[in-house]
Amino acid sequence: MQVRTSSGTADFADRVAEALEPAPPVWPPPVRDPTPVGEAAAERYLEGRVAFERAEDLVGRTTRPEAYIEEAVRPRLVRAVARFPRDLYDILASGRREVRFHAQPPFSRSSPSIAEARPSGPGNARTYVVFLRGALEIDDDSTFLAIVVHELCHVILDHPAPIAWPREPYERRKATARMENEALRLADEMGFKEETWALKDLLLDLAQERQQGDLILPDGSMREPR
Ligand SMILES: [Zn+2]
């Protein structure tokens with residue numbers, strides 16, 4: 001019999017253990033199919049998978065509330081998903097990676113400002129919410145596509161939720177840099193080379209804004225601490 005305590009520590013340990021359970025691997029697919037799926041498939045896939053804030057809840061949370069409403073977000077997401085290669089699309093549409101999208105302004109300075117993929121649930125029944133935040137205020141469709149693909153690369157690779165990242169700052173930096181680089185490499189491999197370049201440029205800009213430009217290597221990947 002398993003003894004359950006009501007202590008918060010046991011609960012926390014359970015949540016970390018759950019977050020670390022791997023989801024079944026889905027990449028690489030047995031056969032690569034780089035054919036873009038097109039807008040009809042994209043619309044079908046996105047049906048019921050996108051959540052929005054209510055218009056009145058956007059007021060005061062962003063200088064561009066109009067970028068977060070369904071009429072603005074849905075067509076952009078359709079254009080992005082339409083460019084997905086068939087193999088990636090099939091993994092997502094089959095439910096082997098169950099994804100929802102949530103259009104939401106950045107809510108604090110410490111939360112990831114552009115976008116974030118948040119996994120929850122055990123490895124064999126995990127869902128991932130891709131929060132689209134500042135990404136929606138970037139008007140360039142190619143960079144937007146790069147961000148969506150990048151977050152889905154974290155999903156495909158089943159990168160764990162922050163609760164399961166190492167506590168110790170050095171190990172944490174190392175783990176997050178490694179995950180970023182894996183996601184950037186996978187987007188390249190999927191065929192989004194130019195988009196990944198645009199994204200690396202954006203990441204460098206953001207790092208420099210925070211005076212952390214030295215975290216980015218000349219090829220645009222993240223410096224992994226030694
Ligand atoms: Zn990332």
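Mentor: With 226 residues, a compact globule would have a radius of gyration near 17 Å, and the chain agrees with this because its own value is 18 Å; the radius is taken over C-alpha atoms, and the globule rule is 2.2 Å times the number of residues to the power 0.38. This is a predicted model, in which local features need pLDDT of at least 70 and side-chain atom pairs count only at pLDDT 80 or more, while totals for chains, interfaces and linings use all residues. Residues are numbered from 1 along each chain as its sequence is written.

Along the principal axes, the C-alpha atoms fill a box of roughly 50 × 45 × 40 Å. The chain has eight helices and four strands, which are DSSP runs (H or I of at least four residues for helices, E of at least two for strands) numbered from the N terminus, and their order in sequence is α-α-β-α-α-α-β-β-β-α-α-α. Of the contacts with a separation of 6 or more, 72% join residues 24 or more positions apart, a contact being two C-beta atoms, placed from the backbone, within 7 Å.

As for burial, 27% of the 226 residues count as buried, meaning that 20 or more other C-beta atoms lie within 10 Å of the residue's own, whereas 12 or fewer make it exposed and anything in between partly exposed, with C-beta atoms placed from the backbone. The largest nonpolar core holds 41 residues, and Val 130, Leu 132, Ile 147, Val 149 and Ala 187 touch the most other members; such a core is a set of buried Ala, Val, Leu, Ile, Met, Phe, Trp, Tyr and Cys residues joined through C-beta atoms within 7 Å. Two or more residues of this core come from each of helix 4 (70-82), helix 5 (86-93), strand 2 (98-103), strand 3 (115-120), strand 4 (127-132), helix 6 (141-156) and helix 7 (169-190), and helix 6 gives the largest share, 10 residues.

Helix 6 is mostly covered, with 13 of its 16 residues buried. From first to last C-alpha, helix 6 reaches 22 Å, close to the 22 Å expected at 1.5 Å a residue, where the expected span is 1.5 Å times one less than the number of residues. Just after helix 6, Asp 158 takes a positive phi of about 55°.

Strand 2 has a covered face of Val 99, Phe 101 and Ala 103 and an uncovered one of Glu 98, Arg 100 and His 102. In a regular strand the side chains alternate between the two faces of the sheet. Strand 2 pairs in the parallel sense with strand 1 (residues 50-52) over three bridges, pairing requiring at least two DSSP bridges, and Ala 103 is the bridge partner of Phe 52. Strand 2 also runs parallel to strand 4, joined by six bridges, with Phe 101 partnered by Val 130. Leu 132 touches Phe 101, His 102, Ala 103 and Ala 115, residues up to four places away in sequence not being counted.

Finally, in helix 8, Glu 195, Thr 196 and Leu 199 are buried. These three lie on the same side of helix 8 because they cover an arc of only 95° around the axis, the arc being that of the directions from the helix axis to the C-beta atoms. The buried residues of helix 8 pack against helix 6 and helix 7, while Lys 193, Glu 194 and Asp 205 are exposed on the other side of helix 8.
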